[in-house]
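Subject: Structure handover

Hello,

Please find the structure below, with the sequence. My notes on it follow.

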Amino acid sequence: MSQSRLRSTALVSTAMLAVVGLLGACGGEGGENASSDAKAAGGPAYGGTLTYLEHQAPTCLYLPAAGFYPNGGVLNQLTDKLTWQNPKTLEIEPWIASSWEVNADSTEYTFHLREGVTFADGTPLDATVVAANFDVYGLGNEKLKLPPAEFVNNYERSEVIDPHTVKFFFKQPSPGFLQGTSVIGAGIVATSTISRPYEEQCQLKNIVGSGPFTVAGQVVDKEIELVARKDYDWAPKSSAHQGRAYLDKVKIIVTPEDNVRVGALISGQADYVRYVQAYDEATVKNAGFTIYAEPTRGVNNGLYLRPANSILSDVNVRRALQAGTNAKEVVDTLFTDGYPVATSVLSHLAQGYVDLSKELAYDPDRSNALLDQAGWARGADGIREKGGRKLELGVFVSGPQPLSKQTLELVAQQWTKIGAKLEIRPADSGTQAVDIKNAEKTPITHSMVGRADQDVIKSHFHTKNRDVILSNDPKLDRLLEEQSALTDRTARNAKVAEIQRYVVGQGYAIPLFEEPQVYGAAPYVRGVTFEAVARPSFYSVWLSDRRNR
């Protein structure tokens with residue numbers, strides 16, 4: 001065995017021992033403690049502890065920052081939303097709001113709240129606290145250093161009509177707001193949370209929600225223990241399960257090593273894991289476990305090119321890199337059928353999707369011709385040059401994206417055929433936090449974003465939202481703002497299609513694949529559910545007898 005393989009094996013073994021130490025008494029607990037009713041009646045059972053392995057530690061838990069999947073996986077258990085987006089139909093259904101009215105131009109929304117809902121600290125979830133939450137989400141709070149949420153557009157103010165009725169007003173039509181009230185960042189928190197400054201809202205110990213679980217303990221960056229609220233009784237009306245959660249506890253353990261997560265699952269040390277890599281899917285399935293590859297329905301996993309960069313300011317260079325990238329080879333080499341090749345900026349399941357596969361076709365001849373036209377000539381080492389400068393562009397490995405490093409390495413190989421060099425930088429680079437905001441230092445980003453609404457494209461590209469391309473294009477901002485204000489669904493979808501064509505035509509995006517969230521679960525883990533963009537809910541999860549798997 002080679003020395004590098006020995007070192008790798010030693011590191012994996014050490015990591016596995018560390019995880020086993022954290023798991024401790026968790027292994028086998030769910031099956032032993034789950035109610036025997038499951039075995040007798042074949043139905044859901046109350047009791048037990050679910051051991052869930054997460055790829056990355058949560059970061060800041062301020063609700064508008066909750067889009068990061070490890071954050072959402074925790075907050076989804078602690079908070080409820082005004083509405084529920086059915087993941088099968090994508091229709092918006094009642095949850096904490098039992099009903100609502102929207103005026104004709106989508107500038108006024110009135111929500112009628114369920115009675116009897118309380119936060120984990122015993123305070124009521126009423127119109128006053130809902131108004132306080134959305135005033136922050138819509139406007140931010142400079143004094144508390146709270147940024148506004150990207151899912152809210154054109155917010156003006158709230159009005160408390162009575163203890164169970166709240167009304168929101170918008171400066172311009174905001175047709176995406178209703179769906180926005182269902183997203184992870186719209187989780188409602190108690191006054192004791194929403195009144196805190198940003199740094200304090202980032203901390204798990206300060207998050208007080210009305211959800212089916214509460215926090216029992218935390219080892220920062222390593223482990224979180226959740227316990228069921230026995231008085232919880234306000235699930236979405238369409239949920240077949242009502243009342244308290246089936247589970248007694250959930251133990252979330254941060255386990256960065258891919259093979260350790262899978263090994264713990266298959267060995268029975270863990271029950272449920274997120275982020276099963278494509279190369280591990282067959283191992284999990286062959287062991288008799290279940291793979292859940294859940295769609296995210298938003299902006300596709302891809303490379304996003306920043307036009308403010310001095311090399312990428314030339315649209316022909318951007319278009320050349322786009323034509324010189326073979327997305328199908330990336331998927332065929334690294335991924336499975338759960339990762340469809342991208343055919344547009346948006347997933348084919350996204351609202352407003354348009355098929356741009358012809359425009360995105362791999363065409364190295366066109367790529368080379370565009371670079372020739374732009375004045376980039378091949379040097380002695382095969383890399384093109386212009387004015388004494390090489391065609392070299394940097395990108396950071398993206399920790400949240402599956403197999404980001406391998407994906408970027410394969411794209412780099414493809415680009416050598418057209419005379420371009422992609423410099424791949426590690427995700428933990430000390431300068432990343434600063435350099436990622438500079439188009440000259442970071443010309444390209446590897447990213448995606450999930451949301452089951454047309455506004456997802458605005459979230460990704462607008463200069464006041466994520467601004468992934470650090471845009472200097474006022475036309476793109478204008479198009480994004482226009483779509484976010486269209487109240488007619490057909491017209492809005494048509495505008496989203498126009499934006500996709502514009503983004504691809506300008507060479508701002510190199511879509512690679514539709515990124516799922518991939519989970520693995522033991523066969524005794526029942527009632528597995530996800531929200532519309534693939535974050536897990538543990539509310540309806542129950543454990544059957546392990547010995548019957």
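This is a predicted model: local features need pLDDT of at least 70, side-chain atom pairs count only at pLDDT 80 or more; totals for chains, interfaces and linings use all residues.

Where is arginine 229 in the chain? It is in the loop between β9 (223-228) and β10 (249-254). If neighbours within four places in sequence are set aside, the residues in contact with arginine 229 are these:

- Thr118, Phe119 and Ala120
- Gly209, Ser210, Gly211, Pro212, Phe213 and Thr214
- Trp234 and Arg244

Alanine 104 is 125 residues from arginine 229 along the chain, and the C-alpha atoms of the two are separated by 40 Å.

Now for the protein as a whole. It has 18 helices and 25 strands. Its radius of gyration is 24 Å, close to the 24 Å that the globule rule gives for 549 residues, so the protein is as compact as a globular protein of that length. The C-alpha trace spans about 70 × 65 × 40 Å along the principal axes.

Of the 549 residues, 56% are buried. Taking contacts between residues at least 6 apart in sequence, 70% join residues at least 24 apart.

The accessible surface is about 21,600 Å², and carbon and sulfur atoms account for 51% of it. As for charge, there are 56 positive and 63 negative side chains, and the centres of these two sets lie 3 Å apart.

Regards

Technical notes
Residues are numbered from 1 along each chain as its sequence is written. Side-chain values use heavy atoms; hydrogens and water are left out. Helices (H or I, at least four residues) and strands (E, at least two) are DSSP runs, numbered from the N terminus. The radius of gyration is taken over C-alpha atoms; the globule rule is 2.2 Å times the number of residues to the power 0.38. Buried means under 20% relative accessible area, exposed over 50%, partly exposed in between (1.4 Å probe, protein chains only). Contact means heavy atoms within 4.5 Å. Accessible areas come from the Shrake-Rupley method with a 1.4 Å probe; for residues, only the protein chains shown count as cover. Lys and Arg count as positive and Asp and Glu as negative; His and the chain ends are not counted. The place of a charge is taken as NZ of Lys, CZ of Arg, CG of Asp or CD of Glu.
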